Amino acid sequence: MLNLFPTRQWCFLLILFVQFSSVQAQILTPIWNQQLQIHPYDLHNLGNQIGAIGTNDDGLTELNILDASGNLVHAQVIPEVPIVGSSLYDATRQSFYVFGADDAGTTLQLVQVKADGNTGWQLNVPSTGGFLLPYKTVQQGTHVAFTFGVLDDQGHSNALGWLIVDTTGVLVKENIYPLPPSGDYPEIPFATAYTPDGQLVIGLSNVTSGQCKVLKFNALSGDLIWEKPFDFGAQGIIQTLCTDPAGNIYLSGENGFFVKIAPNGNVLFNKTMGYADITQGYKMIERQGAVYIFGGWRKDYATLEAKMIVGRYNEETGDPNWIWVSEFGGTDHGPSATDAYFKNDSTLVIYFSRLFESDWIGEYKINDVSGTLEPVNAIQLQVYPNPGINNHCQLQFPAGESGAVRIFDLSGKLVREYPIAETVGVDLPCAGAYVAEAQGKAGVYRAVITMQ
C-alpha cells in the first residue's frame with residue numbers, strides 16, 4: 001500500500017562543524033555520534049539546543065530536546081496531533097507549531113507547543129470533502145502556512161490546499177485549489193516555500209509518472225500567479241524548494257534534478273545534481289550566494305547500495321562547488337540527508353535516515369575547499385564526478401579550447417598536467433583537495449577537485 005504521509009523510517013541526526021578554509025583536504029570528517037530515540041521528521045535550531053519532532057516506536061508524535069552534544073534532555077508526547085506531517089520552530093515566540101491530522105484523515109490538527117513544554121493554542125480544521133494529507137509548514141512574519149493535499153474516495157487528488165494561521169492561533173484563511181483528475185496515483189504537495197514578497201510556491205508531484213508542477217499563488221487570496229510544468233521522468237518528485245533574496249526559486253528531488261526559476265516563472269536552468277546514477281535532493285538551503293542540497297545516492301532501484309550526499313552549488317550557473325559523499329554505515333541501506341539547518345556560519349546540523357537501521361546524532365567537521373580558491377572572474381570548469389571515484393575524474397571543456405590544464409595540491413605543488421580536450425581524464429595520487437586551472441581562449445578555467 002502506498003504511504004502518502006511522510007515516511008516513518010529509521011533516522012539519523014548529525015551536527016556538522018564546518019570550518020570554511022582551504023587548508024584541509026577532506027570536506028567532511030567525523031568527530032562523534034550518538035544514538036537517537038525517535039524517528040524525527042524536522043530539525044529545529046534552538047540556539048544551544050536542538051529540537052526534533054517525529055514519531056516514537058509506539059507511533060506517537062513526540063518532541064525531543066537535545067543538548068549541543070546530542071544528549072536527550074527532554075522528551076514529551078504530543079497527543080493533540082496523532083499523525084504528524086511537519087513542524088516549525090518560531091524563535092521569536094519560542095514555540096513549535098506542529099501540523100498533522102487525526103487518525104481518520106478527516107480533520108487537520110495544529111498545535112502550538114511552547115519551549116517550556118506547555119501547550120498553547122490548538123486548532124482543528126475539518127475537511128470540506130475528501131481525505132486530508134498534511135505536508136509542509138512555512139512561516140513569514142506573523143503568518144504560518146500549512147499545506148495539504150485532498151483525495152477523493154478513490155484515492156485520487158481533487159485539490160491542494162493551505163491554511164494561513166497567525167501566530168496567536170487565529171485562522172486567517174483557508175485556500176483550496178481544485179486539481180484535474182490525477183489518474184491512478186495522486187498529486188502530492190511535498191514542497192512549499194514563501195517568497196520574499198509573501199507569495200507561496202508549491203511543488204506538486206505525481207508520485208509515479210514524474211509529471212510535476214511548480215505553482216506560485218497569492219498566499220492570502222489563493223489566486224494562481226503562474227504554473228510551470230516539468231517532466232522529471234519515472235519516479236521524479238519535487239521534494240524540496242527554497243528561494244533567494246531576489247525571489248528566485250530553486251527545486252530538487254527524486255531523480256537528482258536541480259532547477260532555478262525566476263520570480264516571473266521563467267526557467268533559468270534545469271540541471272542535475274552532478275553525481276552519477278540515481279540521486280535525490282530532500283532539503284535545500286540558500287545561503288550567502290550558494291545553494292546547499294542534502295540528499296542521497298542509489299546505485300539503482302533494484303539494489304540496496306546507497307549513500308548520503310551533500311553538495312554546495314553556484315546560484316548563477318547551477319554547477320557544484322563540491323559534493324561530499326558519506327561513508328557512514330557502509331553502502332547497504334546507506335542513509336539519505338532529509339533535513340538540515342545552519343546553526344551559525346561554521347556549523348551545520350543535518351538529519352539523515354536509512355531504512356531498517358537505528359537512529360544517530362553525530363558531529364562532523366567540514367572544510368569548504370571552494371571558498372578561497374575560485375576567483376570571481378574564473379570560468380567554472382566542469383568536473384565529473386566530484387568527489388572523484390578511485391582517485392579518478394573527468395574535466396569537461398567547451399569544444400575548440402586548446403592549451404594545457406594543470407592540477408595543483410593545496411600547497412601549490414604541480415602534481416599533474418594534461419593537454420586540453422573536450423574530455424580530460426584525470427588521475428590523482430591520493431585522497432585530498434586539488435585545484436585544476438587552465439588558460440583557454442575564453443579565459444581562465446578553474447575548479448576545485450576532491451578525492452575521497
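Glutamine 288 sits in the loop between strands β23 (278-287) and β24 (290-298), where strands (E, at least two residues) and helices (H or I, at least four) are DSSP runs numbered from the N terminus. This is a predicted model, so local features need pLDDT of at least 70 and side-chain atom pairs count only at pLDDT 80 or more, while totals for chains, interfaces and linings use all residues. Residues are numbered from 1 along each chain as its sequence is written, and side-chain values use heavy atoms, with hydrogens and water left out. Let's take a friendly tour, one topic at a time.

**Loops with a positive phi**

- Although glutamine 288 is not a glycine, its phi is positive, at about 50 degrees.
- Glutamine 288 is exposed, with a relative accessible area of 65%; here exposed means over 50%, buried means under 20%, and partly exposed lies in between (1.4 Å probe, protein chains only).
- Asparagine 255 is another residue other than glycine with a positive phi, in this case near 90 degrees.
- You can find asparagine 255 in the loop between β20 (249-254) and β21 (257-261).
- With a relative accessible area of 28%, asparagine 255 is partly exposed.

**A sheet of four strands**

- Follow the order β11-β12-β13-β14 and you trace an open sheet of four strands with antiparallel pairing; two strands pair if DSSP finds at least two bridges between them.
- The edge strands, β11 (131-140) and β14 (171-178), each pair on one side only.
- From one strand to the next, the twist averages 20 degrees; the axes behind such angles are lines fitted to C-alpha atoms (for helices over the stretch in contact), and angles run from 0 to 180 degrees between N-to-C directions.
- Eight bridges link β11 with strand β12 (residues 143-151) in the antiparallel sense.
- Across from proline 134 you will see phenylalanine 148 in β12.
- Strand β13 (residues 157-166) and β14 also run antiparallel, joined by seven bridges.
- Leucine 163 has glutamate 174 of β14 opposite it.
- The hairpin of β13 and β14 has four residues between the strands, and glycine 169 in the turn has a positive phi of about 95 degrees.
- In a regular strand, side chains alternate between the two faces of the sheet.

- Strand β15 (residues 187-194) is mostly covered, with eight of its eight residues buried.
- Its antiparallel pairing with strand β16 (residues 200-206) runs over six bridges.
- Isoleucine 188 has serine 205 in β16 as its bridge partner.
- Five residues lie between the strands of this hairpin, where glycine 198 takes a positive phi near 90 degrees.

- Tyrosine 384 and proline 385 are joined by a cis peptide bond, with omega about -15 degrees.
- Proline 385 has its place in strand β31.
- A cis peptide bond also runs from asparagine 386 to proline 387, with omega near 15 degrees.
- Proline 387 lies in strand β31 too.

**An enclosed space**

- Rolling a probe the size of a water molecule over the atoms shows where empty space is left.
- On a 1 Å grid over the protein atoms alone, a cavity is a set of points where a 1.4 Å probe fits but cannot get out, and lining residues have an atom within 4 Å of a point.
- By this rule there is one cavity of 30 Å³ or more.
- The largest cavity holds about 60 Å³ of space; grid points are joined across faces, edges and corners, and a volume is the space filled by probe spheres set on the points.
- The elements giving two or more residues to the lining of the largest cavity are β26 (320-325) and β31 (382-389).
- β31 gives the most, with three residues.
- Among the lining residues are Asp319, Pro320, Gln382 and Val448.
- The lining has four nonpolar, four polar and one charged residues; Ala, Val, Leu, Ile, Met, Phe, Trp, Tyr, Cys and Pro count as nonpolar, Asp, Glu, Lys and Arg as charged, and the others, Gly among them, as polar.

**Cysteines and a buried glycine**

- The structure holds zero disulfides, a disulfide being a pair of cysteine sulfur atoms within 2.5 Å.
- Cysteine 242 is buried, with a relative accessible area of 8%.
- Cysteine 393 also counts as buried, at 0% relative accessibility.
- Glycine 295 has its place in strand β24 and counts as buried at 0% relative accessibility.
- Between glycine 295 and methionine 273 there are 9.9 Å in space, C-alpha to C-alpha, and they are 22 residues apart in sequence.

Key: On a 1 Å grid over the protein atoms alone, a cavity is a set of points where a 1.4 Å probe fits but cannot get out, and a pocket is an open set with protein on both sides within 12 Å along at least five of seven lines; lining residues have an atom within 4 Å of a point.
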